[in-house]
Amino acid sequence: MGEWFSEIWRSREILYFLAWRDVKVRYKQAVLGVAWAVLQPLFTMVTFTFFFGRLAGIPSDGVPYPLFSYSALLLWTYFSVTLAQVGNSLINNSSLITKIYFPRVLLPAAAAFGGLLDLVVGSVFLIGMLFYYHVTPRWTMLLSPVFVAQTVLLVMGVGMLLAALNVRYRDVKYTIPFLTQIGLFVTPIIYPVTFLPHRFQAWLALNPMTGVTEGFRACLFGGHVDWSVLVCSWIVTLLLLALGSLHFRSAERVFADIV
Amino acid sequence: MTESITVENLSKRYELGALQEETQLRDQLVRLLRAPFRKRAPKEILWALREVSFKVDEGEVVGIIGRNGAGKSTLLKILSKITYPTSGRVRTRGRVASLLEVGTGFHEELTGRENIYLNGSILGMKKKEVDVKLDAIVEFSGVQRFIDTPIKRYSSGMRLRLGFAVAAHLEPDVLIVDEVLAVGDAAFQKKCISAMQDLRGGGRTVLFVSHNMAAVENLCSRGIWIANGEIRLDGPTHEVIEAYMASFASADSASNEITGVDGRRGSGEILYTRVEFLSTERDLQTVTRCGKSLVIRLHYRANEPIERPSFGVRMYSDMGTLVTDSSTWLHGLDIPLVPAGDGYLDLEIDSLNLLPGRYYLSLWLDSCVIRRIYDALEHAVHLDVEEAPIYGSSRRIDSRYGLVFFPQRWRLDGIGSGPTLEVSPAANA
């Protein structure tokens, strides 16, 4: 395992160039360019605010509903979009895998890092919203990157698992959009955790994105923090990361033969 | 001498048929539901490599030759760590660069310059190295004008040159090259070969796979011939190439039995059995000279009646260049039915306008009506073309002057026919 990490470290420039390629290519010939990074969560937020905030009257823990949903959507959009890219990173680069050697894990990693640009652009918009809604600045806001980092780890963990399975079973490709679609509803994005009956709340905590979303919001808006949810979320994240990398390690020897 | 590459008892097994069928989880589930206790169908096993061992010293340039499917590519893939051996081990010393393809990782949407960085980094160059070598790479590629244009606008030749330019600046300790020279125009091939020769001068270890025997002979000091996943012969390049070439055809160059040639493809309903080189009088022709006539007689055996086949011959130079392709189909000949049994066709060439050298014939037999290749033999036989005073002069005209010549004459009537130019004695002095 140590050798694995040192090799990845030596090849970090490839990671940079692969991520750079993904980012460059994504917005080439797109007139709106990187604005898409904001437009996607923005329109989702507007739709949610109208249907869930206004019409359905779902509570938002005292935070304006647009801010409440956008803050969660920012991380969720990164998670769902990037997970699809990480999960397909190996099969989309099969011509590389069969022609040249480099640590294979750089492909999912590059996809995970490449997605961060969108997140950064979307965050700038979030900061604008914080000003617009006159949210009181608090020192805990500085902790919010911790939850961004957790999302990246989670994407890597689940993504490595899916990417490696995808090489052998192309079913995974069709499963990912389905998974993220369900995930949108079993993560407290549209609603606060407290909106659910108490007996469902514990189940919701098993979804690591629940802790991420709750923690991220708590950093920005303050309020009650359920530490057990955060701890549970980190444990699940680290377990998935371990599972993902172990499976990836054992599967990568045959990637070139079966991709 | 330190060893640069050590290969010990390397074997690689592929399980055929198992892959496609399992890529859908559904298929596995269906099979499980249908017959939960039945054992899986036995997989067809292919040993791409079997117990291969050799050592390469530092600075050695080794050519690996063999037919398609002999295991050369698998060997290179294992040496470059792309795939893992089933058993055995490989040790390499120093920085290894492998070129199984030119321009690996090129992205259509990126510019030439961006692709140099991307490709260079994937091949193992540091960004700083690319910064330093960028100008030289661009210069070598000859695509300066388009360096900031996305490569989707490039021609395939430009792409190739750009890819090779990056590769030529790698400076690895061990270089593994697969057939990348087989593509591209002659001028570019020359450039690549001289770049490879520089590598050789630089004390690098090079493993080189090619079908281009002239290139192998020029570049390599040692040859390894791989057949059916095993090393058939390992030794001085010249000897190995000779033995390899001899395996294509029988020693008698005028009448070539090809029943024993391995590495043939096709469904086999009808097969080539023998090739004869004859004179126009249909006598065996032991010496073929340039500019003279030649009859190529193709013997076949049809195991069943064959409707509308096409018989074809391709001629290649010893550098692997296709000189000409001829077939009954190209000539618009319709052969309604070939009855079962033996027979032959004659290809009459009035004037064999080839310059002296060794040429190889590949034979084809396919169908004009269905998509089927009955028989295909690569480099089935060779044809040695001997010198002849083709231009009526006593000058020695050999392969240095090209592959072909045309019936031609020089007219000198125009010399001195225009107004005479005054030349002052001072200008001559």
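## Thr213 and its neighbours in chain A

Leaving aside residues up to four places away in sequence, Thr213(A) touches Ala72(A), Leu75(A), Thr187(A), Pro188(A) and Ile189(A). Thr213(A) belongs to helix H12 of chain A, which covers residues 208-221. Is Thr213(A) buried or exposed? Thr213(A) has 27 other C-beta atoms within 10 Å, so it counts as buried, the cut-off being 20 or more.

Another pairing is worth a look here. Thr151(A) lies 62 residues from Thr213(A) in sequence, yet the two are 9.5 Å apart in space, taken from C-alpha to C-alpha.

## How confident is the model?

Please keep in mind that this is a predicted model. Its scores are ipTM 0.86 and pTM 0.73. For chain B the average pLDDT is 83, and 85% of the residues score at least 70.

Where in chain B is confidence lowest, and where is it highest? The lowest mean, 50, is found in H1(B), while strand E9 of chain B, residues 230-236, has the highest, at 94.

## Where the chains meet

Now let us turn to the contact between the chains. On the chain B side 27 residues take part, and they are in contact with 21 residues of chain A. Three helices of chain B each supply at least two residues of the side that touches chain A: helix H1 (18-22), helix H2 (25-34) and helix H4 (112-122). H4(B) gives the most, with four residues. Sorted by class, the side of chain B that touches chain A has 10 nonpolar, nine polar and eight charged residues.

## A closer look at helix H4 of chain B

H4(B) is mostly covered, with 10 of its 11 residues buried. Among them are Gly112(B), Glu114(B), Asn115(B), Ile116(B) and Tyr117(B). Leu118(B), Asn119(B), Gly120(B), Ser121(B) and Ile122(B) are also buried residues of H4(B).

What do the buried residues of H4(B) pack against? In chain A they meet helix H2 (12-27) and helix H6 (94-97); in chain B they meet helix H5 (127-141) and helix H6 (156-168). Just after H4(B) comes Gly124(B), with a positive phi of about 105 degrees.

## Two domains in chain B

Chain B is divided into domain 1, made of 3-7 and 52-246, and domain 2, made of 255-390 and 397-401. The C-alpha centres of domain 1 and domain 2 of chain B are 33 Å apart. Eight residues from domain 1 of chain B and five residues from domain 2 of chain B make up the contact. On the side of domain 1 of chain B that touches domain 2 of chain B, four residues are nonpolar, three are polar and one is charged.

## A five-stranded sheet

Chain B also holds an open sheet of five strands, in the order E12-E20-E19-E15-E16, with mixed pairing.

Gly312(B) stands opposite Ser327(B) in E16(B). The hairpin of E15(B) and E16(B) has four residues between the strands, and in this hairpin Gly320(B) takes a positive phi near 85 degrees.

## Positive phi outside glycine

Two residues other than glycine deserve a stop before you go. His134(A) has a phi near 50 degrees, a positive value, and sits in the loop between helix H8 (116-132) and helix H9 (144-168) of chain A. With 7 other C-beta atoms within 10 Å, His134(A) is exposed.

Asn9(B) has a positive phi as well, near 45 degrees. Asn9(B) is placed in strand E1 of chain B, residues 3-16, and is partly exposed, with 13 other C-beta atoms within 10 Å.

Terms used: Residues are numbered from 1 along each chain as its sequence is written. Chains are lettered from A and ligands numbered from 1 in the order in which they are written. This is a predicted model: local features need pLDDT of at least 70, side-chain atom pairs count only at pLDDT 80 or more; totals for chains, interfaces and linings use all residues. Two residues are in contact if their C-beta atoms, placed from the backbone, lie within 7 Å. Ala, Val, Leu, Ile, Met, Phe, Trp, Tyr, Cys and Pro count as nonpolar, Asp, Glu, Lys and Arg as charged, and the others, Gly among them, as polar. Two strands pair if DSSP finds at least two bridges between them. Domain bounds come from an automatic or database domain assignment. A residue is buried if 20 or more other C-beta atoms lie within 10 Å of its own, exposed if 12 or fewer, and partly exposed in between; C-beta atoms are placed from the backbone. pLDDT is the predictor's confidence in each residue, from 0 to 100.
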